[in-house]
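I opened the notebook to look up how parts of this structure meet. The entries follow in the order in which I made them.

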Amino acid sequence: MIEFVEAIGQNALLQNALLVGVIASVACGVMGSYVVARRISYIAGGIAHCTLGGMGIARYLNRVVGWTWLQPLHGAVLAAVIAAIIIGYVSLRARQREDTVISALWASGMAIGILFIARTPGYGEDLMSYLFGNILLVSTGDLYLVAALDVVVLALGLIFYNRFLAVCYDAEFARLRGVNVEFYYLLLLSLVALTVVVLVTVVGLVLVIALLTLPAAIASHFMSRLWQVMVVAIAISMLSTVAGLALSYSPQLPPGATTIAICAGAYLATILMKRVLSSRRTNHANG
Amino acid sequence: MTDSDLAIKFDGVSFAYDRETVVDNASFSIAHRDFVGVIGPNGGGKSTLVKLMLGVLKPQKGTIEVLGHTPHRACRRIGYMPQNSHLDPEFPVSALDVVLMGRLGITSAAGPYKPTDRQAAMHALDEVGLADLAHRPLRALSGGQRQRVLIARALAGEPELLILDEPTANLDPAVQDDLYDQLRELNKTITVVIVSHDVGFVSLYFKTAICVSRKVHTHSTRDLTNQQVTDMYGREVRLIHRDNLETGKCCD
């Protein structure tokens, strides 16, 4: 721990990692709260896994074709938004087969990514960093991209808060009030997609759904309005990512997995605490 | 009566899900400030008829006019309360948050709600007797209170036509009576259409009954007979007429 505090001053990569963690937490708390309230973590999972396809293709074009300006993260942004719109369209239209179609897209996106990564030199280490995160290797360029995405997500997520809230709670009613439900639903999923890309840099795409949903799930146990859930989820997400970096530094553990373990522990503790409190209350009432 | 006096007008309307006809050649009209009960057996097409009025479903045949326009153009002037069952009771919103959703389509296209929206929402909550609970989380409210929140949401848009789908489903009898009294008060200025499975009370409160079981018939509730209702439901159903109730007679 002391080693970690000393290292912050000297290590530019660690500073970047901390900054990315804190910035990403803002988008994470806002969009994660929508995802948890609307119960669409499965859709968010599908979008997250499709980003591997975009990252794989971008990396192939970068290394093999020679498009050096194209970074894997750019491919992830594009793939995530395309996946969000396709999956959103499927969930609006194909009500009965929604889960089947999303599962198929989920796996297909990953398959495309793995195929392109296999055809690109330097297979192993890059694949691992996409899947499980490489927050300690975030470049300054990545940091700017993450900050820009964060601003977009936060601005639109707050400007259209009332619309998104109405569409999430009761889409049919919102439509009758003249709200373009399809547009706002697809916009919401696109913002979830951008948030997923931001979080992929922090914990990798396999762990993204836990970081997106657990802070909001913890927060919704204590808060009863969506904006309150958002504020608390942002705080929990920041604490988890910073604590994940700090605790993993000296023992040289993977920071992404450490962050998720902290989130999951906090979630479990919340549920247990709620249980104990409510059983105490019933005992009081009975006694 | 000219068409401009009509709140709703169906002309030869048919609607089928796939091949199963649910509404068959319905023609009827509802005047402004009528108090209408839509009754009929389960699966008879009551909710389908309401969704046609709202423009959520489009008829395969015939035309529908609501407040002098197509349902799609009129829908913002309608206050609609859906059945509660499809809504998530754990959703993180307060009662006021839900009622404010009734202001969409009136308030600005983006950004926060305006003070006038909040006033209208509070007024609507007051009308259903829930002003004190405006800031309560939705999940802390009882089923009956949640139902009234949805009625307030329908009222918040200052509608000219109020359509309520089974508003008394979760309410105690005493609260039901209160609600009907409140609706009768509202009915002095706006048209009220209520879907109800509660046939017994139809003639007690409503002026007009729309009887739906594939075919659609309208009756003045004074003229509705036990035999007509029994034929529609396929078993004996008794009506309670207000006149009879007031004079203490049972209807036979």
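Entry 1. I started with two helices in contact. On helix 4 of chain A I listed A:Leu73, A:Ala76, A:Val77, A:Ala80, A:Val81, A:Ala83, A:Ala84, A:Ile85, A:Ile87, A:Gly88 and A:Leu92. They meet residues of helix 10 of chain A, among them A:Tyr185, A:Leu189, A:Ala193, A:Val196 and A:Val200. Residues are in contact if their C-beta atoms, placed from the backbone, lie within 7 Å. Helices (H or I, at least four residues) are DSSP runs, numbered from the N terminus. The residues of this contact divide into 19 nonpolar, three polar and one charged. Nonpolar covers Ala, Val, Leu, Ile, Met, Phe, Trp, Tyr, Cys and Pro, charged covers Asp, Glu, Lys and Arg, and polar covers the others, Gly among them.

Entry 2. I noted the source. This is a predicted model, where local features need pLDDT of at least 70 and side-chain atom pairs count only at pLDDT 80 or more, while totals for chains, interfaces and linings use all residues. Residues are numbered from 1 along each chain as its sequence is written, and chains are lettered from A and ligands numbered from 1 in the order in which they are written.

Entry 3. I looked up the secondary structure of chain A and found 13 helices and zero strands (a strand is a run of E, at least two residues).

Entry 4. I turned to the contact between the chains, which takes 21 residues from chain A and 22 residues from chain B. Helix 8 (161-169), helix 9 (171-176) and helix 12 (226-249) of chain A each supply at least two residues of the side touching chain B. That side of chain A divides into 13 nonpolar, four polar and four charged residues.

Entry 5. I noted a box of roughly 70 × 55 × 30 Å for the C-alpha atoms of chain A, taken along the principal axes.
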